[in-house]
Amino acid sequence: MIMCRISKILYSFCFFLIIQEAITADLGIECTVFDVGQGSGAVIKDKHRGVSFIVDAGNSGKEEETNSLLRRFNGAVFGKPGARQRVAGVILSYSDGDHVKLLARALDANSRAIKDQNRDPKLAMTAYLGSPFTGYLEGSGKPCLDALKAVNAKIKPLSHVMTSEKAYKVERKEEVTQPPRPFFMNALIPEFSDADRDLSLIIVAANALHGGKSKFLGTENNPGELDESISDADTILNEGTNNNGAIVKLSYKGQRVTFPGDIDGDHGTDKIITHIPRAAPTFLETDVSLALHHGADRGRTNNIAWLLKNNAKKIIISAGDRGGDFIHPRFSVLYNMAASLRLKARVAPHLIQCGDPIGGSIKDLPGLNEHFCLEDGTDIMIKKTNDIEWLLMSTTLPIYTTKTNGDIQVLLLPDGTLRVKGI
């Protein structure tokens with residue numbers, strides 16, 4: 001009888017330990033890059049803590065066109081009804097509409113829950129706003145800023161900035177001249193980071209076009225804190241380009257995902273590469289990267305020097321069927337990416353899309369079928385949108401386009417492995 005009772009106690013204790021371990025087990029990180037059409041929008045979810053973080057928030061067209069996207073975006077940010085998933089923060093690489101417009105609708109639809117969360121200063125959502133800051137006062141980002149203020153979010157502008165809290169509250173713009181000031185790199189975003197779990201979210205670089213020397217914060221493996229003391233009180237500079245935006249990198253258990261916004265090649269990535277300290281040779285390296293500026297090739301964006309410095313194993317291109325000068329990506333960019341991947345990695349065949357800047361002669365490029373397995377009998381599929389010929393191709397290279405693959409998930413697992421899959 002005594003042995004039976006002891007066995008039951010031991011069994012109950014072991015069962016308790018198993019349940020406790022299941023409760024406390026690290027569930028890893030889930031990144032979702034959404035198919036937002038022409039634009040960029042991603043959500044990072046810490047499944048272990050029930051915390052999410054937004055990196056850009058995509059475009060927002062007509063209501064009937066974006067309702068499905070909004071439901072998917074809200075599901076990733078806020079979880080299922082009753083899930084009580086906390087929103088740690090948001091970083092908008094800069095204020096162009098294709099990076100910010102969906103955020104206002106998402107915040108408005110969940111304003112009560114976010115206000116409740118933001119009542120506790122320790123849990124309040126933080127919004128890092130990339131330049132140009134004037135875009136949040138009078139441009140496409142204004143509804144976004146209004147929605148952030150409506151839910152009492154903590155707001156930290158990042159542009160030529162860093163603009164003081166008083167400046168955005170009074171919403172006053174001034175044209176000023178000032179001496180060159182450092183742009184900064186390697187700044188920790190503490191709201192989402194967790195040193196105990198080897199989890200960090202950092203601003204790789206911001207304000208890269210601004211004159212002056214770079215300011216490298218901390219060390220390569222230990223990012224520094226953002227120094228807001230360099231702000232100019234009550235000042236909002238009216239200068240802002242793609243290169244004044246922000247690049248963000250997530251690291252977890254040795255796996256890295258980079259979100260580079262719309263940084264361009266000339267004066268952007270070239271300047272960043274030049275200013276990386278010799279003591280941090282692998283600072284820009286990543287495992288998965290979104291393509292710069294939706295896969296653009298203007299101004300040497302997505303040039304081979306940047307791609308090799310990134311040394312990404314997988315590349316995601318967030319782009320739509322926009323025409324005119326915005327043919328993202330062109331085949332020339334895919335060719336650069338194939339070269340940077342060294343043509344060694346292979347994944348399951350999947351469709352990708354690109355604009356064809358050289359017409360039908362693309363079929364005659366030497367060795368094309370080694371990189372891209374083109375579709376039908378002529379090995380090519382062409383569709384026409386906005387007067388642009390777009391090529392639909394199949395590839396076994398780890399290059400993905402949201403236009404053809406839809407929402408894309410990047411799973412960072414506790415054992416240090418990483419997976420990319422369509423949803």
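Contact is taken here to mean heavy atoms within 4.5 Å, and the structure to which this is applied is a predicted model, in which local features need pLDDT of at least 70 and side-chain atom pairs count only at pLDDT 80 or more, while totals for chains, interfaces and linings use all residues. Residues are numbered from 1 along each chain as its sequence is written, and side-chain values use heavy atoms, with hydrogens and water left out.

Under this criterion, and leaving aside residues up to four places away in sequence, L250 touches I29, C31, I44, F192, L199, S200, L201, Q255, R256, V257, F259 and L412. L250 is also, together with I91 and F259, among the residues with the most contacts inside the largest nonpolar core, which has 37 residues. A nonpolar core is defined as a set of buried Ala, Val, Leu, Ile, Met, Phe, Trp, Tyr and Cys residues joined through side-chain atoms within 4.5 Å, where buried means under 20% relative accessible area, exposed means over 50%, and partly exposed lies in between (1.4 Å probe, protein chains only). In soluble globular proteins, nonpolar side chains tend to be buried together.

Helices (H or I, at least four residues) and strands (E, at least two) are DSSP runs, numbered from the N terminus. Helix 3, formed by residues 97–109, has 13 residues and reaches 19 Å from its first C-alpha to its last, close to the 18 Å expected at 1.5 Å a residue, the expected span being 1.5 Å times one less than the number of residues. The buried residues in helix 3 include G97, D98, H99, V100, L102, L103, A104, A106 and L107. In helix 4 (residues 111–118), the buried residues are I114, Q117 and N118. These residues cover an arc of only 95° around the axis, which puts them on the same side of helix 4, the arc being that of the directions from the helix axis to the C-beta atoms.

Salt bridges, in which a side-chain nitrogen of Lys or Arg lies within 4 Å of a carboxyl oxygen of Asp or Glu, come to a count of 13. One of them joins the side chains of R256 and D287 at 3.0 Å, N to O, and links distant parts of the chain, with R256 in strand 11 (residues 255–259) and D287 in the loop between helix 8 (265–275) and strand 12 (288–290), 31 residues apart. Both R256 and D287 are buried.

R300 forms a salt bridge with D266, the closest N and O atoms being 3.4 Å apart, and another with D270, for which the corresponding distance is 2.5 Å. D270 lies in helix 8 and R300 in the loop between strand 12 and helix 9, so this pair ties together parts that are 30 residues apart in sequence. A network of salt bridges links D26, D46, R49, D194 and R197.

Aromatic pairs, for which ring centres of Phe, Tyr and Trp (its six-membered ring) lie within 6.5 Å, are called stacked with planes under 30 degrees apart, edge-to-face over 60 and tilted for the rest; the count comes to four. F331 and Y335 form a tilted pair, with 5.8 Å centre to centre and 50° between the planes. F331 counts as buried, at 3% relative accessibility, whereas Y335 is partly exposed, at 34%.
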